[in-house]
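Hello,

Here is the structure you will be working with. My notes on it follow below the display.

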Amino acid sequence: MVLPAVLGLLSLFLSYLLLKRFKIEPLTRFLILLALILSPAFIYAFTVSNPYALPVALTLLGLVLFFRDERHHHFLAFLAFAGAAASYLFAALFIIALLI
């Protein structure tokens, strides 16, 4: 149960970086992150083990990297997005394997 909490903290930090990148004012940034933390979807995704925590964190990482100016960050963003897509595919295949 530690991994979802770590991914939740990572997602929160990455969300902060995205808001900072878009030049959102600090008070508004704080209120947005507070609403995110208190949302039932965030609480569910990052308190119990489920297949949603890793793809969300990887997608946020991909967005943070994509909005950087250096070209090599775009390649790393592609890898993060590919990892997010692959984790969904792996979860789907795992569920199908369990049903067989």
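I37 is partly exposed: its relative accessible area is 34%, which falls between the 20% limit for buried and the 50% limit for exposed. Please keep in mind that this is a predicted model. I37 sits in helix α2, which covers residues 26-38. Together with L27, F30, L31, L34 and L38, I37 makes a nonpolar surface patch of about 590 Å².

The overall picture is as follows. The protein has five helices and zero strands, so in sequence order the pattern reads α-α-α-α-α. The C-alpha trace spans about 50 × 35 × 15 Å along its principal axes. Of the 100 residues, 30% are buried. The protein exposes about 7000 Å², and 79% of that comes from carbon and sulfur atoms. Among contacts with a separation of 6 or more, 60% are between residues 24 or more positions apart.

Next, helix α3. Its buried residues are F42, A45 and F46. Viewed down the axis of α3, these residues fall within an arc of 80°, so they line one face of the helix. The general rule behind this is that an α-helix has 3.6 residues a turn, so residues three or four places apart point the same way. The cover over the buried residues of α3 includes α1, α2 and α4.

Helix α4 runs over residues 53-66. The buried residues in α4 are A53, P55, A57, L58, L60, G62, V64 and L65. They pack against α1 (2-21), α3 (40-47) and α5 (71-99).

Is H73 buried or exposed? H73, which lies in helix α5, is buried, because its relative accessible area of 15% is under the 20% cut-off. Leaving aside residues up to four places away in sequence, H73 touches L65 and R68. L65 is itself one of the buried residues of α4.

Regards

Notes:
Residues numbered from 1 in each chain as written. Predicted model: local features only at pLDDT ≥ 70, side-chain atom pairs only at ≥ 80, totals over all residues. Heavy atoms only, no water. Buried < 20%, exposed > 50% of the residue type's maximum accessible area, 1.4 Å probe, protein only. Helix = DSSP H or I, 4+ residues; strand = E, 2+ residues; numbered from the N terminus. Contact = heavy atoms within 4.5 Å. Patch = residues over 30% accessible without salt bridge, like charges linked within 9 Å, V, L, I, M, F, W, Y side chains within 5 Å. Areas by Shrake-Rupley, 256 points an atom, 1.4 Å probe, with all protein chains shown as cover. Salt bridge = Lys/Arg side-chain N within 4 Å of Asp/Glu carboxyl O. Arc of directions from axis to C-beta.
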